[in-house]
Amino acid sequence: MVLENGQLLVAGVADSSGKGFVRRLNADGSIDGSFQAPEFDGGVEAAALDGDGVLIGGSFSGGLARLDASGAVDVEWNISADGVVKAIAMQGEDAAIVGGAFQTIGGRAQAGLARIKLRGALFATNANGRFQA
């Protein structure tokens, strides 16, 4: 994805090892050394900008993570999925919709679709499974 400053954020699977990566590239295509995201134990399949960071989803352990502006995993952000997260769509400044092949997220039954607060909590759903604000 193209960032406002002309840099690029790229993510995926590095090689046949199946390890995932997130890198920030400068406008000239060189790697931005100030962004030090770790290697993940599975592919990174989705990413969305979150103000000063980025939400990522994929087949890595926990399925969902937040990286801060330096690329470090935000350890205070603690929502995980029990399966693969394949899509993330931002919803305003405080929420995101995530989709994928999971049955629970954040410890709640949310088969395949969930609305999360960007500061690490789930939005409630009613008896019909619809999201509540």
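## Salt bridges around arginine 66

In this predicted model, the side chain of arginine 66 meets that of aspartate 52 in a salt bridge, with an N to O distance of 2.5 Å. The two partners belong to distant parts of the chain: arginine 66 lies in strand β5, whereas aspartate 52 lies in the loop between β3 and β4, and 14 residues separate them. Arginine 66 has a relative accessible area of 4%. A residue counts as buried when this value is under 20%, so arginine 66 is buried.

A salt bridge also forms between arginine 66 and aspartate 50, whose closest N and O atoms are 2.5 Å apart. Because arginine 66 is in strand β5 and aspartate 50 is in strand β3, this pair ties together parts that are 16 residues apart in sequence. Both arginine 66 and aspartate 50 are buried. Aspartate 74 is a further partner, and its side chain meets that of arginine 66 in a salt bridge of 3.1 Å, N to O. Through shared partners, Asp50, Asp52, Arg66 and Asp74 are joined into one network. The structure holds six salt bridges.

## The hairpin of β3 and β4

Aspartate 50 also has a place in the strand pairing, where it stands opposite glycine 53 in β4. Strand β3 covers residues 44–50 and strand β4 covers residues 53–58; the two pair in the antiparallel sense over six bridges. Two residues lie between the strands of this hairpin, and glycine 51 takes a positive phi near 55°.

## An aromatic pair

The structure holds one aromatic pair. The ring centres of phenylalanine 40 and phenylalanine 60 are 5.0 Å apart and the ring planes stand at 40°, so the pair is tilted. Phenylalanine 40 is in the loop between β2 and β3, and phenylalanine 60 is in the loop between β4 and β5; the pair thus links distant parts of the chain, 20 residues apart.

Are these two phenylalanines buried or exposed? Phenylalanine 40 is buried, with a relative accessible area of 9%. Phenylalanine 60 is buried as well, at 5%.

Strand β6 (residues 84–91) and strand β7 (residues 95–101) run antiparallel and are joined by seven bridges. Within this pairing, isoleucine 88 stands opposite valine 98 in β7. The two strands form a hairpin with three residues between them, and glycine 92 in the turn has a positive phi of about 70°.

Strand β7 also pairs with strand β10 (residues 113–117), in the antiparallel sense and over five bridges. Here the bridge partner of isoleucine 97 is arginine 115 in β10.

## Glutamine 7 and its surroundings

Glutamine 7 lies in the segment before β1 and is buried, with a relative accessible area of 11%. Its side chain makes a polar contact with the side chain of asparagine 5 at 2.8 Å. The side chain of glutamine 7 makes another polar contact, with the side chain of asparagine 26, at 2.9 Å. Leaving aside residues up to four places away in sequence, glutamine 7 touches several residues, including Met1, Val2, Arg24 and Asp32.

## The chain as a whole

How many helices and strands does the protein chain have? There are zero helices and eleven strands. Of the 133 residues, 39% are buried. The accessible surface comes to about 7000 Å², and carbon and sulfur atoms account for 49% of that surface. Among contacts with a separation of 6 or more, 31% are between residues 24 or more positions apart.

How values were computed
Residues are numbered from 1 along each chain as its sequence is written. This is a predicted model: local features need pLDDT of at least 70, side-chain atom pairs count only at pLDDT 80 or more; totals for chains, interfaces and linings use all residues. Side-chain values use heavy atoms; hydrogens and water are left out. Helices (H or I, at least four residues) and strands (E, at least two) are DSSP runs, numbered from the N terminus. Buried means under 20% relative accessible area, exposed over 50%, partly exposed in between (1.4 Å probe, protein chains only). Contact means heavy atoms within 4.5 Å. Accessible areas come from the Shrake-Rupley method with a 1.4 Å probe; for residues, only the protein chains shown count as cover. Two strands pair if DSSP finds at least two bridges between them. Rings of Phe, Tyr and Trp (its six-membered ring) pair if their centres lie within 6.5 Å; planes under 30 degrees apart count as stacked, over 60 as edge-to-face and the rest as tilted. A polar contact is a pair of N or O atoms within 3.5 Å; within protein, one must be able to donate a hydrogen and the other to accept it, and residues adjacent in sequence count only if both atoms are side-chain atoms. A salt bridge is a side-chain nitrogen of Lys or Arg within 4 Å of a carboxyl oxygen of Asp or Glu.
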